[in-house]
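Here are some notes to read alongside the model. Please keep the sequence and the 3D view open while going through the points.

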Amino acid sequence: MSNALIKYCGVRSLEDLQIVSASRADFIGFIFAESKRKVYPLQVKQWLEKVDLKGKRLVAVFVNPTLSEVEEVLSNLAIDVIQFHGNELPELIEKTKVAFTGSIWKALHHHQETLQEIDYYKDFVDGFVIDSRIDGQWGGTGVSFDWSAVPHYINYTASIKKALLIAGGVNENNIEQLASINPPGIDISSGIEENDRKSKIKIRLLEERMFRNDKLS
Ligand SMILES: O=C(O)c1ccccc1N[C@@H]1O[C@H](COP(=O)(O)O)[C@@H](O)[C@H]1O
């Protein structure tokens, strides 16, 4: 059984939103950055008026935004978490906190010095998303990193009392392997898509496998 929180990210249509709202996700993410998954605040606002989120929390994902881009999203949408997925500086994070009382997560790419990067950001954010490092791309790559490093991230973020989500290439075929390492959170975008749309079938398979032994525990 897994206790991991789930974030389904990269919702880019009303249909995607309806599908993930009916899932077991805890968080729903929208990409406000250059990506095939990019969405706009007013568009998302219209979708949200038509869908019951069933208590799921909303995450706004940015890549090196200006403060006014962040403010535009916050003024239109009831965002619970901001995820900074670029190389944002602590100054921007601090300015964001003036108008935002929700949680802030910093996404970092897995490499030799990611634990030092966690240290650098730890006083400014509430949690971390660890994603794969792929040249020329910030996220949404569909590529996993070497999960033998995940226990180090779990132990370190627990010791500093920060949230942790593992991202990058998670799908219905490898979810059991990742869930068995017990990360506190799992973040998925490409792995629940079919032809650039969120897939009910992939989500059902992934959740069946992730929570396979729930009834036995
Ligand atoms: O999903 C995107 O298009 C994206 C673009 C720019 C920055 C972050 C993006 N998504 C984040 O990437 C991981 C999930 O990636 P994957 O597709 O499951 O491998 C997750 O943190 C998303 O928030």
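How many of the residues of β3 are buried?

1. Strand β3 is mostly covered, with 5 of its 6 residues buried. Buried means under 20% relative accessible area, exposed means over 50%, and partly exposed lies in between (1.4 Å probe, protein chains only). Helices (H or I, at least four residues) and strands (E, at least two) are DSSP runs, numbered from the N terminus.

2. A word on the basis: this is a predicted model, in which local features need pLDDT of at least 70 and side-chain atom pairs count only at pLDDT 80 or more, while totals for chains, interfaces and linings use all residues. Residues are numbered from 1 along each chain as its sequence is written, and side-chain values use heavy atoms, with hydrogens and water left out.

3. On one side, β3 pairs with strand β2 (residues 27-31) in the parallel sense over 5 bridges; two strands pair if DSSP finds at least two bridges between them. Phe 30 stands opposite Ala 60 in β3. From β2 the chain crosses through α2 to β3, and this β-α-β crossover is right-handed. Right-handed means that, with the strands pointing away from the viewer, the path from the first strand over the helix to the second runs clockwise.

4. β3 also pairs with β4 in the parallel sense, over 4 bridges. Val 59 has Val 81 in β4 as its bridge partner. The chain goes from β3 through α3 to β4 in another β-α-β crossover, and this crossover is right-handed.

5. Why do the buried residues of α3 lie on the same side of the helix? In helix α3 (residues 67-76), Val 70, Val 73 and Asn 76 are buried. They are on the same side of α3 because they cover an arc of only 140° around the axis, taken from the directions from the helix axis to the C-beta atoms. The buried residues of α3 pack against α2 (41-48), β3 (57-62), β4 (81-84) and α4 (90-99), where contact means heavy atoms within 4.5 Å.

6. The largest nonpolar core has 56 residues, and those with the most contacts inside it are Tyr 8, Leu 17, Phe 30, Phe 32 and Ile 130. Such a core is a set of buried Ala, Val, Leu, Ile, Met, Phe, Trp, Tyr and Cys residues joined through side-chain atoms within 4.5 Å.

7. Leaving aside neighbours within four places in sequence, Phe 32 touches residues including Val 44, Ala 60, Val 73 and Leu 77.
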